[in-house]
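Please look over the sequence and the model shown here, and then follow the points below.

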Amino acid sequence: MTATPAPISRVSAEDEAAILALNNEHAAELSWLEPERLSFLLGEAFYARRIGDLEAFIMTFDQDARYDSPNFLWFRERYERFVYVDRVVVAADARGRGHARRLYQDLFGHVERAGHMLVTCEVNTDPPNPASDAFHAALGFTEAGDAVIHGGKKAVRYYVRSLQA
């Protein structure tokens with residue numbers, strides 16, 4: 001018998017401390033967040049969800065968000081309407097269960113219901129993240145550009161996925 005997957009739920013204020021801890025465990029791949037900054041970003045988020053007892057979470061923004069990330073701004077300069085995936089994190093002990101894929105599939109449905117047709121994200125190229133490149137390619141994302149950011153400390157590849165039929 002197959003176990004029922006942990007539910008996908010909206011992120012709430014009660015989740016913030018656990019999200020902050022999980023995010024900051026992966027600061028090299030994402031970016032370090034302070035509690036106040038996380039609260040602000042969650043308030044701006046288009047879609048923020050978690051799986052189970054914070055086995056994974058995702059946070060996204062649409063083009064109207066008050067967000068100063070160089071990656072988000074790269075997309076804003078090029079696309080009129082989009083949803084930007086800022087971060088997806090799966091706890092180490094929950095990897096390999098399809099959580100990231102489930103979060104993306106749920107996001108795609110939410111994006112379509114809201115009338116958006118483009119989902120965007122970036123993946124590090126320095127430091128490299130080949131697993132994330134392969135994951136996004138399998139979900140139908142295509143490369144849209146690249147950049148070196150944070151004074152040369154990080155390089156990224158930009159991806160887009162059209163939801164149009």
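**Salt bridges and exposure**

With a relative accessibility of 52%, D68 counts as exposed, where exposed means over 50% relative accessible area, buried under 20% and partly exposed in between (1.4 Å probe, protein chains only). This is a predicted model, in which local features need pLDDT of at least 70 and side-chain atom pairs count only at pLDDT 80 or more, while totals for chains, interfaces and linings use all residues. Residues are numbered from 1 along each chain as its sequence is written, and side-chain values use heavy atoms, with hydrogens and water left out.

- The structure contains 8 salt bridges, a salt bridge being a side-chain nitrogen of Lys or Arg within 4 Å of a carboxyl oxygen of Asp or Glu.
- Side chains of opposite charge can pair when their charged atoms come close.
- D68 is joined to R37 by a salt bridge whose closest N and O atoms are 2.6 Å apart. D68 belongs to the loop between β3 (56-62) and α3 (70-78) and R37 to helix α2 (residues 35-44), so the pair ties together parts 31 residues apart in sequence. Helices (H or I, at least four residues) and strands (E, at least two) are DSSP runs, numbered from the N terminus.
- R37 is partly exposed, at a relative accessible area of 29%.
- Another salt bridge joins E55 and R97, with the closest N and O atoms 3.2 Å apart. This pair links distant parts of the chain, 42 residues apart: E55 is in the loop between β2 (47-51) and β3, and R97 is in the loop between β4 (83-90) and α4.
- R97 is partly exposed, with a relative accessible area of 49%.

**The sheet**

- The order of the open sheet of 7 strands is β1-β2-β3-β4-β5-β7-β6, with mixed pairing; two strands pair if DSSP finds at least two bridges between them.
- At the edges are β1 (8-10) and β6 (142-149), each of which pairs on one side only.
- From one strand to the next the twist averages 30°, with axes taken as lines fitted to C-alpha atoms, for helices over the stretch in contact, and angles running from 0 to 180 degrees between N-to-C directions.
- β2 and β3 pair in the antiparallel sense over 5 bridges, and R50 has F57 in β3 as its bridge partner. The hairpin of these two strands has 4 residues between them, and G52 there takes a positive phi near 55°.
- β3 and β4 run antiparallel and are joined by 7 bridges; the bridge partner of D62 in β4 is V83.
- In β3, 7 of the 7 residues are buried, so the strand is largely enclosed by the rest of the structure. A56, I58, T60 and D62 are buried on one side, and F57, M59 and F61 on the other.
- β6 and β7 pair in the antiparallel sense over 7 bridges, and V148 has A155 in β7 as its bridge partner.

**Helices α4 and α5**

- Helix α4 lies across β1, β2, β3, β4, β5 and β7, at about 145° to β2.
- Helix α5 lies across β5 and β7, at about 155° to β5.
- Which residues of α5 (residues 130-138) are buried? They are S132, D133 and H136. Seen down the axis of α5, these buried residues fall within an arc of 105°, so they line one face of the helix; the arc is that of the directions from the helix axis to the C-beta atoms.
- The cover over the buried residues of α5 includes α4 (99-113), β5 (118-126) and β7 (154-162), and contact here means heavy atoms within 4.5 Å.
- P130, A131 and A138 are exposed on the face of α5 turned away from its buried side.
- Just after α5, G140 takes a positive phi of about 95°.

- D133 forms a salt bridge with R157, the closest N and O atoms being 2.9 Å apart. This pair links distant parts of the chain, with D133 in helix α5 and R157 in strand β7, 24 residues apart.
- D133 is buried, at a relative accessible area of 16%, whereas R157 is partly exposed, at 21%.
- A network of salt bridges links D133, E143 and R157.

**A buried loop residue**

- H116 sits in the loop between α4 and β5 and counts as buried at 2% relative accessibility.
- Leaving aside neighbours within four places in sequence, H116 is in contact with F46, D62, Q63, R81, F82, V83 and V111.
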